[in-house]
Structure formats: structure tokens, C-alpha cells
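Me: I have a structure to go through with you. I want the criterion behind each label.

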Amino acid sequence: MGNLTATRPPQPWTAPTASDPVTATLRLPGSKSMTARALVLSAVAAGPSTLAEPLRARDTELMAAGLRAMGTHVSISDDERWLVRPHPLVGPAHVDVGLAGTVMRFVPPVAGLADGQVTFDGDPYARTRPLGPLVGALRSLGVRIDVTGTGSLPLTVRGTGGVTGGEVVIDASVSSQFVSALLLAAPRFDRGVVVRHVGPPVPSAPHLRMTVQMLRAAGAAVDDTTPDVWTVEPGPLTGRGWEIEPDLSGAVPFFAAALVTGGEVTLTGWPHSSAQPLEQLRSLLQRMGGEVTLTTAGLTVRGTGVVHGLTADLSDVSELTPVLTALAMLADSPSVLTGVAHIRGHETDRLGALAREFAALGADITETPDGLEIRPRPLRGGTFGTYHDHRMAHAAAVVGLAVPGIEVDDVGCTSKTMPEFPALWSAMVTGKCASGNPAAAAAGFPDAH
């Protein structure tokens, strides 16, 4: 008869409503963006590397598995320290990208260095995520790629053991990951790479800065002094120890809880010098009524219980759009969010999904070509669709703090970047994960003190 439970739909999760201000001290998992980049750089380095405090989630486990399939030794048995030992890259191999943009974009350039065939495919929606500009760029650099359809998954890289490299022109206005993908593997290309972007501005500039910083930390020679041009010289990368910062995007819903409830949330383990867009986040939360401070204790956000509307271009921090939209639903004035047309190609069409799901709860929300307009009014409970998108679940949880009866159709999608999210969120709202309470450790996070 087979496993009848395999196709059973997930049970809805009721987002907990806060009756009191939340007060919590948390240590969250490592940055997805840093973990992914460190894995790729370690796989193409000349010696072994370690990743301290990496993110263990579906996206990063798929990245590790994909590199392992091509011959890299990747040990993730220790949650606190992963070990990567580079080996010659070979095929045949298959890479399951799931729904991870980092895997579907960062690994094909690495596969070009393999001796043999490497196939890529993923979740059904992954086949709709854009890859065409990257495929075209790789072909111009000497990589043989077979693609069915319109330049998306599935695809096959026919590696020959090396990539010629050289100069390439690309329109990366849909995703900065196209540029990062080319840069991360470029030190191993025979001629390195010169990437020239032409077209509308590249979104998510902080992620490109992170790529450049991490390449330099591994010993690469990178020149990014000319706007929209990145040059990486060929040469060996050094194996090293990577200290992975806590994930700022993953922390945003918890910080939002402080604003909504008039509470205080501290994220411990935050470095004073960060590769993530802390200053942009600080500015946005302060404009919405929060107080943000960084001390030796960690990164703390305090709220007053009053959320202000926001007019902002989010092109550099588009990952924050779902949670900021949720905050805007509960604000005391309208909000206009712009600069995020490209998130239509993320895990789902996030603009369309946010407008549709919040409208179903009674919101006055208008979808624009590159953003959203929100005019706050009372919301009602109801089922909130996630479309297998972890950020949609985060948005629903934030609104659920103030609106009883929000049913999240598939909170399990948060396993993409934070499997512990439902337990930690519920413990925070009920007051069981503040510093000194063992519920924090039970939810998968050590006590802050």
C-alpha cells in the first residue's frame, strides 16, 4: 500500500497571541548566507577548513550534500563545528537544490571545475526560479551546460576538470546571487573572472559585499573599486577557520515581536564588526518605533507597543520585506515599501503572496510593480498560506502576536533556515525562553548567560 502519511497535508499551526510584552534573550543559529559561502570557498580551497557555529537547516545541508556528491569531504556531524576537506571534484554526481537559491546558483560554477557530469534539480517551484543569466555567463566562460526549457532547472553541467574564465557581461538585476556565484569559484578558473553587470541596479548589495569580504579572507585578490565590475584573480585559496555570525534575517521576526508587544529581545553572540546589513536593519526598526542597541551582551531591540508606518526602499535588504510588511499591518500609519520587484522570483512570488494572504485577513494592501502599499486597519483571524516559503511563515507569526486565530498552513517550511522556529517562537511568546529559563535550551538554543 505504501506510506499513506507521505502525502498527508501538514496540520495548521496556530500562531500564539501575546498577552504581555515579550522579554527574551536568544542565541540563534548561524547566518545562512555566511554558511553557504564558507562551504563553497572551503570546497575550492587548497587545504581543510572549519565552520564554527554554522547554520544547520535544509538549505545548508543541501549545499553540503551537493559538494559532497562531487567528492568534497564535508563532515556536519558536530552541530557546532563542521569540517571541510577539499578533494578533486568529479562526476557523475547529482545535486538536489531543494528550494535554495544559494545551492542552485553557487554550485553550478563549482561543478564546471569537476571532471564529469553533474546534474541539478530541486523542488517543483525551484524550476521556476530564474537561472538564465547565470547559465549564459557560465557558457561564455567555457562551461558546457545542457538546459531544458527556458534556462532554469533541471540542468546538467558537463565538467572537464577546469574552467577557462575571463570577462563576462551579465544582467544581475534579478538576483545578486548570479554575481556571487561567479566570484566564489573564480579563483579556480584558469584566467579568474571579470564580471560586468549591465542593467537595472543589482539588489541585495550587502550580500555582494559579504561575498567579496569572504573571498579576501580566504586569500583571493578581488577588485570591486569600479561600480558594477568585479575582478577576481586566479590563485589558490587558503583553508581556514570560519566564524559564522548569527543569522540577522532569522532574527528579524523576533525583533519585530519586541516592537509589536512593547517588549525587549536580545540576540547574543553578535559581533561588533559584521558582514550583514545591521545598520540598514537598525535604521528601519528605529523608524518603525524600536530602539536598537549593540553592547557586549548582544544586539537588543526594545519596543513601545506602538509601531509606526514606513516608507522605504528595501532593495538592499529585500529578505526583510515579509516581516516588515507584517509590522506595517499593525502600524499607526500607512507604509509604502519599494525596490523589491526581484522577490517575485524568490521561494515564491513574495509580493503577490503577501498581498493575497493579508487581504484574506481583511488588510487594505495594494501590490505595486516593485513593492507594496499598506493602509492599516483591524485584521481578523484565518488561514495564512505560506507557499513553502519560510519568510511567509515568519510574517504570519508576527501578525499573530496581535491578531488571534492566525492559522499558518505549513509552519514546517521554516526548516529551510531555522527548524527550531515554531518551538522557539511559542516559548518566547509564553515567556519560557527568557534568560535563565531552561525552555531556551529545550527549543534548541543555549541559555544566554
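Me: Which backbone oxygen does the side chain of Ser42 reach, and what makes that a polar contact?
Reply: The side chain of Ser42 reaches the backbone oxygen of Ala38 at 2.6 Å. A polar contact is a pair of N or O atoms within 3.5 Å; within protein, one must be able to donate a hydrogen and the other to accept it, and residues adjacent in sequence count only if both atoms are side-chain atoms. The 2.6 Å of Ser42 is within that limit, so the label holds.

Me: What should I know about the model and its numbering?
Reply: The model is predicted: local features need pLDDT of at least 70 and side-chain atom pairs pLDDT 80 or more, while totals for chains, interfaces and linings use all residues. Residues are numbered from 1 along each chain as its sequence is written, and side-chain values use heavy atoms, without hydrogens and water.

Me: Why is Ser42 called buried?
Reply: Its relative accessible area is 1%. Buried means under 20%, exposed over 50%, partly exposed in between (1.4 Å probe, protein chains only). So Ser42 is buried.

Me: Why is Ala205 called partly exposed?
Reply: Ala205 has 21% relative accessibility, so it counts as partly exposed. Ala205 lies in helix H6 (residues 205-217).

Me: What does Ser42 contact beyond its sequence neighbours?
Reply: Contact means heavy atoms within 4.5 Å. Leaving aside neighbours within four places in sequence, Ser42 is in contact with Gly47, Ser49, Leu51, Val84, Pro86 and Trp242. Trp242 also has the charged end of Arg240 over its ring, 4.3 Å from the centre. The rule there asks for NZ of Lys or CZ of Arg within 6 Å of the ring centre and within 35 degrees of the ring normal.

Me: How do you know that helix H11 is largely enclosed?
Reply: Eleven of the eleven residues of H11 (residues 390-400) are buried, so the rest of the structure largely encloses the helix. Helices are DSSP runs (H or I, at least four residues), as are strands (E, at least two), numbered from the N terminus. Asp389 caps the N-terminal end of H11, with a side-chain oxygen 3.0 Å from the backbone nitrogen of Arg391.

Me: How many aromatic pairs are there?
Reply: Rings of Phe, Tyr and Trp (its six-membered ring) pair if their centres lie within 6.5 Å; planes under 30 degrees apart count as stacked, over 60 as edge-to-face and the rest as tilted. By this rule there are four aromatic pairs.

Me: What makes Phe254 and Phe421 edge-to-face?
Reply: The centres of Phe254 and Phe421 are 5.7 Å apart, with 70° between the planes. The angle is over 60, so the pair is edge-to-face. Phe254 is in helix H7 (residues 248-261) and Phe421 in helix H12 (residues 421-429), 167 residues apart. Both are buried. With Trp425 they form one aromatic cluster.

Me: What makes a nonpolar core, and how many residues has the largest?
Reply: A nonpolar core is a set of buried Ala, Val, Leu, Ile, Met, Phe, Trp, Tyr and Cys residues joined through side-chain atoms within 4.5 Å. The largest has 77 residues, and Leu182 is among those with the most contacts inside it. A second, separate core of 75 residues includes Phe254.

Me: How do you know that the protein agrees with a compact globule?
Reply: The radius of gyration is taken over C-alpha atoms, and the globule rule is 2.2 Å times the number of residues to the power 0.38. For 449 residues a compact globule would be near 22 Å; the protein has 21 Å, so the two agree.
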